[in-house]
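Hi,

Here is the structure I promised to pass on to you. Have a look at it first, and then read on for what turned up in chain C.

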Amino acid sequence: MKKTDAEMTWQDFEIGCIVTEPGSAVAYRTGDWRSQAPRYHFEYCIKCGVCAVFCPEGCIRPNKDGHFEADLYHCKGCGICVHECPTGVIYMVEEEE
Amino acid sequence: MKNYNVYAARLTPSAENFSPGHRACVGCGETLAVRLACKAIGNNVIISNATGCMEIVSTPLPSTAWRVPWIHTLFENTAAVASGVDSALKALARKGKIPDRGTKVVAMGGDGATFDIGLQALSGAMERGHDFLYLCWDNEAYMNTGIQRSSATPFGAHTTTSPSGKKSYGQHNQKKNMPAIAVAHNIPYVATASPSYPFDMMAKVKKGMEMPGPAYIQVLSVCPTGWRTQVDQSVIMGRLAVETGVFPLYEVVNGKYRITHEVEKLRPVQDYLKPQGRFRHLTPDAISQIQEKVKEDYAALKEKAA
Amino acid sequence: MGKKIGIEVSMAISEAAKLADVDVVAAYPITPQTHIVEELARMVADGDLDAEYIPVESEHSAMSACLGSSAAGARTFTATAGQGLELMHEVLYVASAMRLPIVMAVANRALSAPLNVWGDQSDMMAVRDTGWIQMICENGQEALDSTLIAFRVAEHPEVLLPVMVHCDGFYLTHVVEPIEMLEKANVTKFLPPFKYPLPLDADKPVTMGAFAPPVIYSETRKAQEVNLRKSKAIITQVWDEFHKVFGRKYRAVEKYKMDGAKTALLTLGSFGETAMTAVDNLQAAGQNVGLLKLRLWRPFPFEELKAAVKGVENLIVVDRCLSTGGPGGPAYSEIRSALYGEPNQPRIFGYIGGLGGRDVMVSEFENIIRQVETKVKTGAAQEFELFGVRG
C-alpha cells in the first residue's frame, strides 16, 4: 500500500525527492470534482475519436463496443466533449451525490 | 464514407505521457495543449518545465503525471536548464559515455515564465543555438498565483494587478509580441498554435522537434478560471481567438512567414470578447480600439506572409 | 611526485577541472574569477579538454545550466565571485536540495555597495545556509587539490551534493605560486567516472523537482540535513584517499605550531599564510601562540574544532567579513556558538579586517595578539571589533 504524503517519513524519499514512478498521478480520483457527468446516445456514435482528442484529462477511451467513453474515475465533467462531438452523442446531467 | 476508412482523430497516438489524475481546473485549455503536445513529442525527450500551473498540477510530491523524463527547478530558468541538459547530452554522447539516442530537449513554460521573468534565459538559449523546442503555454497572465497581469496580458483585460476600476480600463499596454522576439533571434522555427486546432498544433510541435537548433511555439491556452469563461467553452474560445484574428495561426521557417490557418473574413472581435468576464467592463470605444489593432496587426502579418 | 611549476592559482583551478575531465562548463565572467573561465575556454578551444562550454548570459543561468547538465548525468563545473554568487543565490538552494553534484570554484569577493571587486569573504558567508559542502583554500596547492577532491566528494554515492571551493579573490586567485601538478594516472586512480543514480534518461523516465506542500516539506528538509552532516565522515575518508595517492593530507581544522599554545589565532583562507609568519615571529620571541586554520566550512566541523581548542585559553577568530548589525564576524559567531557550554571553553575574541581587498600585514596579526593579551589581563569583555579602519 503506497504511503500518502501525510504518511511519508524523512527516510522514505529518493535522493533529491526524485519521483521514479511515471504517471503515478493516475491514482488520484479527479472524478470526485464533478458536478456534472457525461451521458451518451451511443446509437449516434461514429467512433471518430474527436472527443478523445479534446478531453483535457485524456480520460476518454474506446469502450468494449468501440464507442468513445469517458472514464468516470478521472472525468471532471467540463463538458468540452459535448460541443466537439460531431453527431451529438454526449449530453451532461447533474452529478448525483 | 466510401474512400475514407479512418477518421484523422483516430491517428492520434493514444499514449498519455501527461497522465490523467493531474489537478488542473475543470475545462483547462492549457492541459489540453500540454496533453496534445506530449503526443507530438513522443518518448525520446527530456522536459525542462518552469514553475507554473502545469508544474503544480502535475507534480505534487510524491506523485507525478509525467511519463517522460522531466525536471522542474525554478521559475525563470527553464531555458537555461534546457541549455544545460542539451549540452550534457551532446558532451556525453560525443565522449562515448552514453549512446547517441538523439534525445530532444523540450522546454515548457507559461507566459509569465517566458515573456517576463524568463525572457533573459530564453534569449540566451536561442542566441547560443541550443537544440531545443520551447513551448510557451500562453494563458495571458500569471494564472497559478491568482490571475495577475503579465506582458502577455492583452489590452483591456482585467487581472488582479491590472484591474478595471473607476480610473482604469484594465491592462494599459498591448500584448508583447513574443514570436517576433523569437524571430529576431534568427532561430530556424517559430510558430503560434492552439489546441483548438489540434492537428495544426501537433504538426507544428513535430516540426519544432525535427528541426535542429532552437524552436519556439506559442500556444494560446484558454483559462476559464482567469478569463472568466464557461468551462465547457475552452475549445470554442480558442477557435474564436483564431477566427477573429486576435490569435492568428502562423509559422516562421528560417525567417519566412506562412499563415497556416487562413481566415477568409475575420469575425468581429466582439464575438471573442463578449463571452469573457475579463473583458466585460470594456466600453464600445475600447472594443473598437481593439478591433482596429487586430485589423492592423492581421494585415501586417499577411504582408509578412506574402 | 608530480612536476612542481610556477602557475597562477586560477590556472591551477582550471587545470584541476581539466584533469577531472569535466563534461560541461557553464561560464559567466566576473572579476576576479575571469582567469578560471578564460583558461577553461582556451583548453576547450585547443582540444586539451573535451567539454561543452556554455557561455551563459548571467550567473543565475550559469548555475541553472549546471542543474540541467548535472541532472542529465554530466560532470559539471562552474566558477563565480561576489555579485555573481549572490545572483545565483536561489539556484544554490535548488542544487543542494536536488542532490546534484556540481563543483564550483568561488573567487571570494566583497559585495556591493559600494562596488568592490577585491577579495573578502562576504560572498562566502552570504551562502552559508544553501546546503552546499564548502571548503576553504589557503594557498595554490590547496586550490588545485581541493578542486579535484571536490569532484570525488560531490559524486560519492553516499554524498551526491554540490561542492564550493573558496579561494580569496586576487590574494589567492591571481598569485603565481609553486604548485606540484597532479599526474593524470594518479587522478584516474583517485577519481572514478561519474555515474548519477537517477539521471534524466528517456529509457528510465523520472520526475525531478516535484513540489512539497506543508504536510511533506519538513521531511524533505530533514533528509537533506542528515545527508549533509553525514558527508563529513566521507570528506575525511576522501582526504585520506588523497593522501595515499598524492601524499598531502588535509583535515577540517589544521593546526600550526599549536603544541602547548595557550593563545591561538583562527583564520579562514589566505589570511592563514600571513598569520603563520606572525606566529613564527612571536614564537621566536618566546611566546606560546599557535594558529588554527579552518578548511571545512560546511558541514561545520564541530568535533574537530572542539578537539583543536582543547587546552587553548584564548581563541582569536579573524574574519574577512562583517555581519552588519549582527553578531560580528560570521566565523567568530559560529565558533562561539559551537563552543558554547564546552567544559574549559576558551575565551573567544573576534577581529574583522581585510574587507574589500585591504591587505593585512604580519604586524597587524601580531598587534591583534598583543591587544588580546591586554584584554585578558584587564578582564575586558569578549567581543568583536573591526581592525585597521581609519577614524
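Let me start with a strand in which both faces are covered. From E12(C), C:Val289, C:Leu291 and C:Lys293 point one way, while C:Gly290, C:Leu292 and C:Leu294 point the other way, and all are buried. Buried here stands for 20 or more other C-beta atoms within 10 Å of the residue's own, against 12 or fewer for exposed and partly exposed in between, with C-beta atoms placed from the backbone. Because 6 of the 6 residues of this strand (residues 289–294) are buried, E12(C) is largely enclosed by the rest of the structure. Strands (E, at least two residues) and helices (H or I, at least four) are DSSP runs, numbered from the N terminus.

A word on the model before going further. It is a predicted one, in which local features need pLDDT of at least 70 and side-chain atom pairs count only at pLDDT 80 or more, while totals for chains, interfaces and linings use all residues. Residues are numbered from 1 along each chain as its sequence is written, and chains are lettered from A and ligands numbered from 1 in the order in which they are written.

What does E12(C) pair with? Strand E10 (residues 253–256) of chain C runs antiparallel to E12(C) and is joined to it by 4 bridges, with C:Glu254 opposite C:Lys293. Strand E11 (residues 263–268) of chain C runs parallel to E12(C), with 6 bridges, and there C:Thr263 stands opposite C:Val289. (Pairing requires at least two bridges found by DSSP.) E11(C), helix H10 (residues 271–284) and E12(C) also form a right-handed β-α-β unit: with the strands pointing away from you, the path from the first strand over the helix to the second runs clockwise.

There is also an open sheet of 7 strands in chain C, with mixed pairing and the order E3-E2-E4-E5-E7-E6-E13. Strands E3 (52–54) and E13 (296–298) stand at its edges with a single partner strand each, so one side of each is left without a neighbour in the sheet. E13(C) pairs with strand E6 (residues 133–136) in the antiparallel sense over 2 bridges, and C:Arg298 is the bridge partner of C:Gln134.

Finally, the domains: an automatic or database domain assignment gives chain C domain 1 (4–246) and domain 2 (255–386). Their contact takes 28 residues from domain 1 and 20 residues from domain 2, counting residues whose C-beta atoms, placed from the backbone, lie within 7 Å.

Best wishes

Key. Contact = placed C-beta atoms within 7 Å.
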